[in-house]
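This briefing is intended for a reader who has the sequence and the model at hand. Please consult both while reading the points that follow.

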Amino acid sequence: MPIPTVPTPADPRDYLPAPPRAAGHTPRDLEPNGASSAGGVSGDISEVQRFIASRGFSFDPWQVAAYVTAVRTKPFVILAGVSGTGKSALPRLVAQATGGVIHAVPVRPDWSDSSDLLGYQGLDGTFRPGSLLRVAADAQLRPTEQFFFLLDEMNIARPEYYLAEVLSRIEETGALLPGGTGNPLRPDASGEVRGGLGWDAVVLPPNLTLVGSVNMDETTFGFSRKILDRAFVIEFSDVDLSRIGDAVEIAPTPAMTWNAGQWARDASTLAEHPARHEALVGQVISTLVEINEMLAESQLHFGYRVRDEIALFCLAAQESEASFQTADGGQIDALDLAISMKVLPRIQGSGSAVGRLLEMLSAWASPVGAGSRGFPVSAERIELMRDRLTKTGFTNYWL
């Protein structure tokens, strides 16, 4: 009589709830698909850069690294700058390189509310979901995949109008971490998506990132602090027309497969981050205190949200520090870059008060004397803003 075989015991993780996680931290061995990201994503970012180069696109390594790090810090990233510099191409290429899902929607100038994005109730009583609500539902039903929603030319209409509900959901910080649940985007919606999920239960899931591409010219709208405080702004203004690139069509670099866990945020606030007491955080905070004291004189100072996001960006950037380089191999300081992305866009206006502020910031960013720490990325932008103020009487961050 054959000896009966003993079935393999079931893995308790298959039927028991996940163990409670430490505040603001997802254990890497419990990430979706069981993937581990121990050691960070620095090697993966270099693979993403090679993938992009093999498709014939030219980006500085720091631009790719800054975008990936920003996504891993905040679910809202704005890519701004000169037309034709790859602002819309970068998120598409990164999604392709990592096996992510990207949906692009061109913003229309007549968008004055969220109906195109989140849906509306038809005259016949039927709810018609918008494009963003559909993508959010897909992301909610497929939590192991990373989704990107690209708003192309997002400032051709006023983002404060058509993104009002989404901006409030981004503030629900706990919902932006794996396992978190936010409030529904359209709690008044009717009908079912699929799998028992109703449209009135669709949230902004942690595996969905909102990306906006913007051109700043006379045909577009500027950004309020409400938008700037909730996003990372990466500026594309340096253009080197001599760079052509070498697309390798015969054997292009293959795509990788990142699961949502590799994009996951370690914390939504600095108080939740397990590394909040590291020396790096102390250095970031002391630097931001100096800047805020100067900004306060013009009532342009920032609050805890900006402080936290800059510190979280710098902590995440440690995992890919080697990728923060210029095309010629120069190193980019993540804190310097974060200040340029999160603080300087707040400064705009005319008059002597703005002039004095830019003068103080210029001296701070380019100190004189041995051993003084400079911030060359911020210093370059500050000088452009000062020059614009001198020539036109008005200045802002945007080119």
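**Core, fold and charged pairs**

The largest nonpolar core has 115 residues, and those with the most contacts inside it are Tyr67, Phe76, Leu151, Met154, Leu163 and Ile347. Such a core is a set of buried Ala, Val, Leu, Ile, Met, Phe, Trp, Tyr and Cys residues joined through side-chain atoms within 4.5 Å. Buried means under 20% relative accessible area, exposed over 50%, and partly exposed in between (1.4 Å probe, protein chains only).

This is a predicted model, in which local features need pLDDT of at least 70 and side-chain atom pairs count only at pLDDT 80 or more, while totals for chains, interfaces and linings use all residues. Residues are numbered from 1 along each chain as its sequence is written, and side-chain values use heavy atoms, with hydrogens and water left out.

**Overall composition**

- The chain has 14 helices and nine strands; these are DSSP runs numbered from the N terminus (helices H or I, at least four residues; strands E, at least two).
- Of the 399 residues of the chain, 49% count as buried.
- Among contacts (heavy atoms within 4.5 Å) between residues at least 6 apart in sequence, 77% join residues at least 24 apart.

**Surroundings of Ile347**

- Apart from neighbours within four places in sequence, Ile347 is in contact with residues including Leu295, Leu300, Val354, Leu357 and Met385.

**Salt bridges**

- The count comes to 16 salt bridges, each defined as a side-chain nitrogen of Lys or Arg within 4 Å of a carboxyl oxygen of Asp or Glu.
- Glu235 forms a salt bridge with Arg381, with the closest N and O atoms 2.8 Å apart. Glu235 lies in strand S9 (residues 232–236) and Arg381 in helix H14 (residues 376–392), so the pair ties together parts that are 146 residues apart in sequence. Both Glu235 and Arg381 are buried.
- Asp188 and Arg186 pair in a salt bridge (2.8 Å, N to O), and Arg186 is buried at a relative accessible area of 12%.
- Asp124 and Arg128 form a salt bridge with their closest N and O atoms 3.4 Å apart. Asp124 is exposed at 53% relative accessibility, whereas Arg128 is partly exposed at 34%.

**Positive phi angles**

- Most residues other than glycine have a negative phi.
- Glu153, although not a glycine, has a positive phi of about 55 degrees; Glu153 lies in the loop between strand S5 (147–152) and helix H6 (159–162) and is partly exposed at 29% relative accessible area.
- Gln299 also has a positive phi of about 55 degrees. Gln299 lies in the loop between helix H10 (279–296) and helix H11 (304–317) and is exposed, with a relative accessible area of 56%.
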